[in-house]
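The sequence and structure follow.

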Amino acid sequence: MTRRVPWTLLVALTLLVVPFLGSRFYTFVATDIVILALFATSLNLLLGFTGLVTFGHAAYFGIGAYTCALLMKELGVPFLLAWLAGGAMAAFFAAVFGFFCVRLTKIYFAMLTLAFAQIVWAVCFKWNDVTGGEQGLPNVPYPDLEWMDAVPLLADFRVGDKFFFVALVLVACCFAALRRIVDSPFGRILTVIRDNPERAQFIGINVRLYELAAFVVAGFFAGLSGALFGIFNRGVFPDFAYWTKSAEPLIMTLLGGMGHFWGPAVGAAALIILNQQITSYTEYWPFVLGLVLMILLFAFPGGIVGTLAGARWRLRRRPVTLPKPASDPVSRNA
Amino acid sequence: MLELSGLRKSFGGFGAVNGVSLSVERGRIAAVIGPNGAGKSTLFNLITGHLKPTEGRVVLRGEDITGAPPHRICRMGMGRSFQRTNIFPLLTVFENVQAALIAHRGHGRNFWARSARLYREETEELLASLGLLDKADVKAGELSHGNQKQVELGIALAGDPDILLLDEPTAGMSATETRETIALLKRIAEMRGLTLLFTEHDMEVVFSIAERIAVLHQGRIIAEGTPEAVQRDPEVRRVYLGERH
């Protein structure tokens, strides 16, 4: 325990180097990964830490994206303010929708989150005057990054590279905040609810209230990632709130391992890189993805991080078997 | 301390609890006994807010708590354990008890502090009093059945209750574990001035610690009094004790 490797710092520093490689493509992939890692990690606050399965997380991603894009494009609001507003708006809607969702449990909860997300999508799709309807909002401006020209080393970068630095720093702050929340007494209560929601009531926990709080926090960070993604994507479209977009962070989280804080981020990286590699060989990416998921669910239910952690655990102390994974996949330990 | 009046619960047409009135004085150790299906667990679920009574009232320290949600009743000083062990299996023993402390102190709203070392001393003290300190870092779900029951007791005690409802605290325990648990319960109840209300199958346990016994039969209390009085009651002998003694 004493000589822990500061993995988080190492990874962040490594990512900082990416634009120096000088490849537009690498920066593009890295930005994609960083932003979606935040999206997936926000979902995991619900899935892995509170034990809530949601099929509608894209709603908050989409709301954050539209809010930030509209503020920047139509009203010329400075980026940082618009970005935070995106998160706040997503959190607000998470509070409203969550108020109803936490009244239900299990599959009913999941279906209601999906229902709300589809409503958000439908509104984005049809409200032509504001959201641009089917056409979406193209040409979302990049934030004003000219100040970077005054910074040595950064001056000569393309705007995409500069935006990557901004996204990386902001996402790193979000990760630090999320980590802090997960490790807090509040986070402990969430894991208690995940483990045994019925019992949690009998130690004096208002389970619905805590679930709602987790829902709002997760919505906030999903909104922040959506806001970044809209700028990165140079446009915001109704797809952002569509149900297939909700599946993305779910797959990432399962792939990386929902029992670990960094699981979803690792899953995001793995999924995006895998997608890039495989689509360059074949057009049957969904087929490959299906296969990967099947192998994962049967052979490595703990995801990439869970499997690695398990292997390390076995190497350290050789006797006995691995702790049995819970029969309920949602309630695996952190 | 606890006052039940005319408590009734029916599921569909079936009356599981049919008008139970009972009062438990502060500091007493009281037992509810009765054959299987007598309505003991239902009664406990009505008292702790798990189920809403069809009729009747539950009064805790003069305050009507009928139909209040479990978390509120818990925060008013009522702890409970379950017949089937009900803990947080994937958390460590330490975390189980610590979480109950966090919840009890209303600290769960704090999302910025560090939880790892929070209430460490108190948690360890409580674990020590239950003889669980050496298992603090074990996942609760991996413990023996008897130890899990102790963890559950620890969770209940962490809420610093005034009254503790235990649904078969020694169910499934070996004879030794049962004896130890009984001694422990007695000691803790005395030390903390706890009011205890428990159900139990094992008559030896009941008669060794209960000061008052209520006999439940088909959702009704057919006798209530000191162990001696209950033992002599002809009705009780007929429907219940007679079958065993």
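What is the order of the strands in the open sheet of 6 strands in chain B? The order is β6-β7-β8-β3-β9-β10, and the pairing is mixed. This is a predicted model, in which local features need pLDDT of at least 70 and side-chain atom pairs count only at pLDDT 80 or more, while totals for chains, interfaces and linings use all residues. Residues are numbered from 1 along each chain as its sequence is written, and chains are lettered from A and ligands numbered from 1 in the order in which they are written.

Strands (E, at least two residues) and helices (H or I, at least four) are DSSP runs, numbered from the N terminus; two strands pair if DSSP finds at least two bridges between them. Angles run from 0 to 180 degrees between N-to-C directions, with axes fitted as lines to C-alpha atoms, for helices over the stretch in contact.

| Strand pair | Sense | Bridges |
|---|---|---|
| β3(B) (29-33) and β8(B) (195-199) | parallel | 4 bridges |
| β1(B) (2-11) and β2(B) (14-24) | antiparallel | 8 bridges |
| β1(B) and β4(B) (55-60) | antiparallel | 5 bridges |

β1(B) and β2(B) form a hairpin with 2 residues between them, and G12(B) in the turn has a positive phi of about 60°. F11(B) has F14(B) in β2(B) as its bridge partner, and E3(B) has V59(B) in β4(B).

Helix α1 (residues 40-47) of chain B lies across β3, β6, β7 (163-167), β8 and β9 (212-217) of chain B, at about 150° to β7(B).

Contact here means C-beta atoms, placed from the backbone, within 7 Å. By that criterion, 25 residues of chain A are in contact with 32 residues of chain B. On the side of chain A that touches chain B, α7 (159-182), α8 (185-195) and α9 (197-201) of chain A each give two or more residues. The largest share, 8 residues, comes from α8(A). I189(A) touches I205(A) and Y210(A), and also A99(B), I102(B), A103(B) and G108(B), not counting residues up to four places away in sequence.

How values were computed. Contact = placed C-beta atoms within 7 Å.
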